[in-house]
Amino acid sequence: MKVAVVLFPGSNCEVDTKYAFDLLGCDTQIVWHKEDKIDADLIVLPGGFSYGDYLRTAAIAKFSPAMKAVVEHAKKGGYVLGICNGFQMLLELGLLPGAMRRNESMSFISKYQPLKVVANSNKFLSNLEVGEIVNIPVAHGEGNYFTDDKTLKEMYQNEQVLLKYCDEKGNDVNINGSIDSIAGICDKSKKIFGLMPHPERACEKILNSDDGLKMLKGLVW
Amino acid sequence: MKAVINIALKNGVLDPAGKATEHALSSLGFANVSNVRIGKQVVLDIDATDKEEAKKQLKTMCEELLANTVIEDFEIVL
């Protein structure tokens, strides 16, 4: 299976992401953002600070040539995963609904965080149970997810709300102000995924958790 | 001509920067301050002779790049 990780000026998680997919046996390439054609089964938009996050997070990345390839890939029914800054890109691009605001606390949050699986009727979380708790690091200053009530309702109906921040017992914990403590979502087709936490940073026990690898494995065939 | 674009979070969308600043102002003793909202301003020169045409272009710029219309409002001053 071919995985392409798109590298933007300012991305900083592309090597970790490649490492994770390589561990899962994928043929993983890091692709420079100037490429307007990408041949892959899964395109991953990694974390970081694309274009310095000037103007707004991910606002400028939307216009890079690689994004044309991402949109084409998505239109053909291909899989796309956006992690952290990549999630923000998918929102800016309109491939996922909603928008991202600054964390309510105004603080940059960097820590391991329990997450609760809300829906697993999608490939990404297919190896996990609904209600299962995974331990995945978060690292963001703008992870305060927002969408209007109507969209939120539709997303729940379509099982597009995938992950929520929680405590060890599974109770919702709102770490950044996100509506309904949402940490990750997908689109209606369940082929485009976005999440603020970093599964690629939790791929080996030596890193404290390999729950991230379990998540990413769902996307691999 | 010079254009000024003011971008701010929509009413009702929580503005954490505004809230933090409001708290800071309050702890400085300005207890009479409320509803602090922090936006951004983009100032640019646009080569155009027709004001309406320039406004149209600026509106497109705002909708496509400068503002995220899901959460932000913009105002164009020419």
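Reply:

**Salt bridges, within and between chains**

Over all chains, the structure holds 13 salt bridges. The model is a predicted one.

Start with a pair inside chain A. A:Lys2 and A:Asp39 meet through their side chains in a salt bridge, with 2.7 Å from N to O. This pair links distant parts of the chain, as its residues are 37 residues apart. A:Lys2 sits in strand β1 (residues 2–7) of chain A. A:Asp39 sits in the loop between β2 (27–32) and β3 (42–45) of chain A. A:Lys2 has a relative accessible area of 34%, so the residue is partly exposed. A:Asp39 reaches 61% relative accessibility and therefore counts as exposed.

Now a pair within one helix. A:Asp22 forms a salt bridge with A:Lys18, and the closest N and O atoms are 2.7 Å apart. Both residues belong to helix α1 (residues 14–23) of chain A. About one helical turn separates A:Asp22 and A:Lys18, because they are four residues apart in that helix. A:Asp22 is partly exposed at 33% relative accessibility. A:Lys18 is partly exposed too, with a relative accessible area of 26%.

The cut-off is 4 Å, so the pair counts. Across the interface of chain B and chain A, the rule finds one salt bridge. Both B:Glu72 and A:Arg56 are buried. Why can such side chains pair at all? Side chains of opposite charge can do so when their charged atoms come close.

B:Glu72 and A:Arg56 also belong to a network of salt bridges.

The contact takes 15 residues from chain B and 16 residues from chain A. About 1300 Å² is buried between the two chains, and carbon and sulfur atoms give 67% of that area. B:Pro16, B:Leu65 and B:Ile71 supply 35% of what chain B buries against chain A, more than any other three residues.

Polar contacts are present as well. Between chain B and chain A, five residue pairs are in polar contact, with both residues at pLDDT 80 or more. On the side of chain B that touches chain A, the elements giving two or more residues are α1 (16–27) and α2 (51–66) of chain B. α1(B) gives the most to that side, with four residues. By class, the side of chain B that touches chain A has ten nonpolar, one polar and four charged residues.

Last, chain A as a whole. Chain A has five helices and eleven strands. Its radius of gyration is 16 Å, close to the 17 Å that the globule rule gives for 221 residues, so chain A is as compact as a globular protein of that length. The C-alpha trace of chain A spans about 45 × 35 × 30 Å along its principal axes. Of its 221 residues, 58% count as buried. Among contacts in chain A with a separation of 6 or more, residues 24 or more positions apart account for 74%.

Methods. Residues numbered from 1 in each chain as written. Chains lettered and ligands numbered in written order. Predicted model: local features only at pLDDT ≥ 70, side-chain atom pairs only at ≥ 80, totals over all residues. Heavy atoms only, no water. Contact = heavy atoms within 4.5 Å. Buried area = accessible area lost by both parts, 1.4 Å probe. Polar contact = N/O pair within 3.5 Å; in protein donor to acceptor, adjacent residues only side chain to side chain. Nonpolar A, V, L, I, M, F, W, Y, C, P; charged D, E, K, R; others polar. Rg over C-alpha atoms; globule rule 2.2 N^0.38 Å. Buried < 20%, exposed > 50% of the residue type's maximum accessible area, 1.4 Å probe, protein only.
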